[in-house]
Amino acid sequence: MTGTVSKLAAPRPAAALLPPASLRSAALAFAPSPRRLRVSIAGRARSPVVAMASAKEGNGAPTKKTALHDLYELQGLSPWYDNLCRPVTDLLPLIASGVRGVTSNPTIFQKAISSSSAYDDQFKQLISAGKDAESAYWELVIKDIQDACKLFEPIYNETDGADGYVSVEVSPRLANDTQGTVEAAKWLHKVVNRPNVYIKIPATAECVPSIREVISNGISVNVTLIFSIVRYEAVIDAYLDGLEASGLSDLSRVTSVASFFVSRVDTLIDKMLEKIGTPEALSLRGKAAVAQAKLANQLYQKKFSGPRWEALAKKGAKKQRLLWASTGVKNPAYPDTLYVDSLIGPDTVSTRCLTKRCMHS
């Protein structure tokens, strides 16, 4: 699939777009060693680029440009990595290959902690010191987030706070607790204490007001689990309201992304289409998710323009970029890079779990 958001909704001349054959997508696969990253471009018959970086210094031999660099430099899309585990230095070859940020969630950390011995010593020390299991969990998580933030800090500085973020999510138990989410976000922001941390808050009805309040406190937010246009618009308004309520004269360091989940929409709609069963209905399978994402991009263009936005931009405010999440296909009949290919466009972020052992997408 070669259509892109940038062709349909972004105010960018067609000449600025890469020819479809030159950038089908960054289809990533790993060689057995975590320090050798094979970056191949789907649909092109050529040898993969191999990006090398030393785990100690992070700057091994000169790194060749990859498809991920092209995505950012030529298309304005930031590739982020949807996984985090120890050793955090395994992120270095990914950074060298063009990855510009990291997202995490409780499921990712549960898998990392339960499947690796790298956490055992610290966990034992915490339990011996009298910490309960949940408190110990947060200490493990915060250490990983801080270490990852340090690795991405150069990107954060080079882009004046536009990229290089690491996301950590509030407890899912707070998904229906407005004030509890606000307090948890403030606590995480304080204890992580890194300029390039995103506090991840779900876009539940109860948490949309939380987003506004957290933003108004000068805390950057990754709004996650957005599935509909109506909820997405509420999330944008919460971001704008929060910026306006902050009272800050410089808004350049309060940023946000809106994580729009893609593939799960097709999972739901495809079942409905199959139940209808007509040839016309069946021909629409695998198309609803991308169609809705493109509508979301059009809404983004509308909301982040005009007098209201221009007044905030004069104070240094940055647009709340769309982040395409859940971009791994759930239907094996679809091309593996369906959702990545179709949603390449400027001022967007795309996350993908790049390791085969990571099951979350």
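Q: Hi! How many disulfides does the count come to here?
A: Hello! This is a predicted model, and the count comes to zero disulfides.

Q: OK, what about cysteine 149, is that one buried or exposed?
A: Cysteine 149 counts as buried, because its relative accessibility is 0%. Cysteine 207 is buried too, with a relative accessible area of 0%.

Q: Switching to rings: how many aromatic pairs are there?
A: A search of the whole structure turns up eleven aromatic pairs. One of them joins tyrosine 165 and tyrosine 198, with ring centres 4.0 Å apart and planes at 15°, so this pair is stacked.

Q: Nice! Where do tyrosine 165 and tyrosine 198 lie?
A: Tyrosine 165 is in the loop between helix H6 (133-158) and strand E6 (166-169), while tyrosine 198 is in strand E7 (residues 197-202). The pair therefore ties together parts that are 33 residues apart in sequence.

Q: And are those two tyrosines buried or exposed?
A: Tyrosine 165 and tyrosine 198 are both buried. They also belong to a cluster, where ring pairs link them with Trp80 and Tyr156.

Q: What about phenylalanine 304 and tryptophan 309, how are their rings arranged?
A: Their planes are at 85° and their centres 5.1 Å apart, so that pair is edge-to-face.

Q: Why does phenylalanine 304 count as buried?
A: Because its relative accessibility is 4%, and buried means under 20%. Tryptophan 309 counts as buried as well, at 7%.

Q: Last one: which residue lies over the face of tyrosine 72?
A: That's arginine 100, at 3.5 Å from the ring centre.

Methods
Residues numbered from 1 in each chain as written. Predicted model: local features only at pLDDT ≥ 70, side-chain atom pairs only at ≥ 80, totals over all residues. Heavy atoms only, no water. Phe/Tyr/Trp six-rings, centres within 6.5 Å; stacked < 30°, edge-to-face > 60°. Helix = DSSP H or I, 4+ residues; strand = E, 2+ residues; numbered from the N terminus. Buried < 20%, exposed > 50% of the residue type's maximum accessible area, 1.4 Å probe, protein only. Lys NZ or Arg CZ within 6 Å of the ring centre and 35° of its normal. Disulfide = S-S within 2.5 Å.
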